[in-house]
Amino acid sequence: MTTPQALVLPALNARWGRWSVVLHWASAAIIVGLATAGFVMTSEAPDSSLRLLLSRLHTAFGITLMVATVVRLVTRLRTGKPEPLPMAPLHRRGVAFVHASLYAVLFGLGASGALTGALSAWPAYLRGTLERVPQLEQLASREVHEVLVFTLGVLVLLHVGGVMVHEVRAGGALRRMVPWLGSSRSTPGKDAR
């Protein structure tokens, strides 16, 4: 027998779409690679060939991350998002704040990186016409870029920690974004689409 409540509440879409999942994990991999390259390249000698290679990769993948982030936002607007997981209103506001902050910091990183390149000899260095990396420490945009890297690290930890806390308390959070975990029910007793 169907209850009146079951007639009112439709089945919930419990997963992110395929492209959202692909862009999420591709962005995560690029972020790890960019952070690693950034820390390694700054520890290399100014005339090191490894530093030049990592600098070129850092720049190319930084641009790729910006494009992927724009595509991700457009995809999210066009395809929507799954039904919200059940959680307390304060937790939901925290999730929204962390997600919005992640996007803001990513765009801030892209802007500060582009500005640093525009205000310095970075393009000439990347082309190989300079033997040594240009001095960037005096540029405010470079300092902002560095602060944003650490801010992004904190936000990623909050994001992953929040997913883990929700997974332990109620379950279902990981299945929305991890393809091999299969479908999930967003709310007990309701079928997922």
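Start with the whole chain shown as a surface. The accessible surface comes to about 12000 Å², and 69% of that belongs to carbon and sulfur atoms. (Accessible areas here come from the Shrake-Rupley method with a 1.4 Å probe; for residues, only the protein chains shown count as cover.)

A quick word on ground rules: this is a predicted model, where local features need pLDDT of at least 70, side-chain atom pairs count only at pLDDT 80 or more, and totals for chains, interfaces and linings use all residues. Residues are numbered from 1 along each chain as its sequence is written, and side-chain values use heavy atoms, with hydrogens and water left out.

Now colour by pLDDT, the predictor's confidence in each residue, from 0 to 100. The chain averages 85, and 87% of the residues score at least 70. Select residues 1-12: the pLDDT there is below 50, and the stretch has 11 contacts in the model beyond near neighbours in sequence (contact means heavy atoms within 4.5 Å). Residues 184-193 are also below 50, with 24 such contacts.

Switch to cartoon. You'll find six helices and zero strands, so the pattern along the sequence reads α-α-α-α-α-α; helices (H or I, at least four residues) and strands (E, at least two) are DSSP runs, numbered from the N terminus.

Next, go inside. Of the chain's 193 residues, 32% are buried, meaning under 20% relative accessible area, with exposed over 50% and partly exposed in between (1.4 Å probe, protein chains only).

Select Ile31, Leu65, Leu102, Val105, Leu106, Leu109 and Leu152. Among the 13 residues of the largest nonpolar core, these touch the most other members. (A nonpolar core is a set of buried Ala, Val, Leu, Ile, Met, Phe, Trp, Tyr and Cys residues joined through side-chain atoms within 4.5 Å.) Helix 2 (18-43), helix 3 (49-79), helix 4 (89-118) and helix 6 (140-169) each supply at least two of its residues, and helix 4 gives the most, with five.

Which residues does Leu65 contact, leaving aside neighbours within four places in sequence? Ser27, Ile30, Ile31, Leu34 and Leu106. Then pick Met41, Leu52, Tyr125 and Leu126, which are among the 10 residues of a second, separate core.

Last stop: His24, in helix 2. Buried or exposed? His24 counts as buried because its relative accessibility is 13%. Not counting residues up to four places away in sequence, His24 touches Arg72, His159 and Met177.
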